[in-house]
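Please keep the sequence and the structure in view while reading.

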Amino acid sequence: MKIDILTLFPDMFSGVLGESIMKKAQEKVKVTFNVIDFRKYADNKHLKVDDYPYGGGAGMVLMPQPIFAAVDDLTKEKIKKPRIILMCPQGATFTQEKAEELAAEDHLIFICGHYEGYDERIREHLITDEISIGDYVLTGGELAAMVITDSVVRLLPGVLGNEDSPVKDSHSSGLLEHPHYTRPANFNGLDVPEVLLSGNHKNIDLWREKESLRRTLKRRPDMLDKIKLSDQQKKWIKE
Ligand code: ADE
């Protein structure tokens, strides 16, 4: 997978993409990150990328030319169309489902604005997706692009040590994950649930399934509307 990120602040990405699992992903599987300062595509003498809005009003607007030129350059040898994703608080809210959809692509291009709005022609004639990471406004799309990149890349086969761990994630199954415990079995008088020490894996799986359901019911009951519950799960809910 190739991930291109268009930004005016490329240095913001070095920490996130150069550390931990994102760093390992580039070494272990076929994923390459390419962070590009799109100012270099501006075709004017002062490398200006934004301008005042037609019709007046506050704030600046990102001009279409540098963004179109950058995307043109990044796609010129490609036959298969990439996903061109505009980071924006007006976009569809990002979900685990969207992360899984993007993880199946070969090429993603993120466009990150800062301070400004985008010229509407970018929205109408260039991008394939407009994504928000939540109902709040950031100073720019960079943090949002990092969040999405992280959640997509960790899903690529071979990136996480334990092959099946993304499947058990909170949200992947439609439920929140069950609680975890580790040594010691008693910490300052606080016990680990007995069943986890029993060695009976059938009972452990059942306990985890039930706790996962209980936790979801308590914290995120809205998630239960989106999945089909088994008869056992329906019985547990009534308990
Ligand atoms: N840019 C500014 N705020 C944003 C948000 N919530 N999601 C994605 N991009 C943004």
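The secondary structure of the protein chain comprises 10 helices and 10 strands; helices (H or I, at least four residues) and strands (E, at least two) are DSSP runs, numbered from the N terminus. The radius of gyration of the chain is 22 Å, well over the 18 Å that the globule rule gives for 239 residues, so the chain is more spread out than a compact globule. Here the radius of gyration is taken over C-alpha atoms, and the globule rule is 2.2 Å times the number of residues to the power 0.38.

The model is a predicted one, in which local features need pLDDT of at least 70 and side-chain atom pairs count only at pLDDT 80 or more, while totals for chains, interfaces and linings use all residues. Residues are numbered from 1 along each chain as its sequence is written.

**Overall dimensions and contacts**

Along its principal axes, the C-alpha trace of the protein chain spans about 70 × 40 × 40 Å. Of its 239 residues, 22% count as buried. A residue is buried if 20 or more other C-beta atoms lie within 10 Å of its own, exposed if 12 or fewer, and partly exposed in between, with C-beta atoms placed from the backbone. Among the contacts in the chain with a separation of 6 or more, 74% are between residues 24 or more positions apart. Two residues are in contact if their C-beta atoms, placed from the backbone, lie within 7 Å.

**A pair of helices**

Helix 8 (residues 201-219) packs against helix 10 (residues 231-238) at an angle of about 55 degrees, and their axes are 10 Å apart. Axes are lines fitted to C-alpha atoms, for helices over the stretch in contact, and angles run from 0 to 180 degrees between N-to-C directions. Helix 8 and helix 10 are therefore oblique to each other; angles under 35 degrees count as roughly parallel, over 145 as roughly antiparallel, 65 to 115 as roughly perpendicular and the rest as oblique.

Which residues of helix 8 and helix 10 make the contact? Helix 8 contributes K210, L213 and L217, and helix 10 contributes Q233, W236 and I237. These residues divide into four nonpolar, one polar and one charged. In this classification Ala, Val, Leu, Ile, Met, Phe, Trp, Tyr, Cys and Pro count as nonpolar, Asp, Glu, Lys and Arg as charged, and the others, Gly among them, as polar.

**Backbone geometry in the loops**

Most residues other than glycine have a negative phi, and most peptide bonds are trans. L47 has a positive phi although it is not a glycine, and N188 likewise has a positive phi without being a glycine. The table sets out these two residues.

| Residue | Phi | Loop | C-beta atoms within 10 Å |
|---|---|---|---|
| L47 | about 50 degrees | between strand 2 (32-37) and strand 3 | 12, exposed |

A cis peptide bond joins R183 and P184, with omega of about 0 degrees. P184 is located in the loop between helix 7 (165-168) and strand 9 (186-187).

**Two separations along the chain**

G55 belongs to the loop between strand 3 (50-51) and strand 4 (61-62). Is G55 buried or exposed? G55 is exposed, with 5 other C-beta atoms within 10 Å. Its C-alpha atom is separated by 29 Å from that of D72, 17 residues apart along the chain.

H107 is part of strand 6 (residues 107-111) and counts as partly exposed, with 16 C-beta neighbours inside 10 Å. The C-alpha atoms of H107 and I227, 120 residues apart along the chain, are separated by 30 Å.
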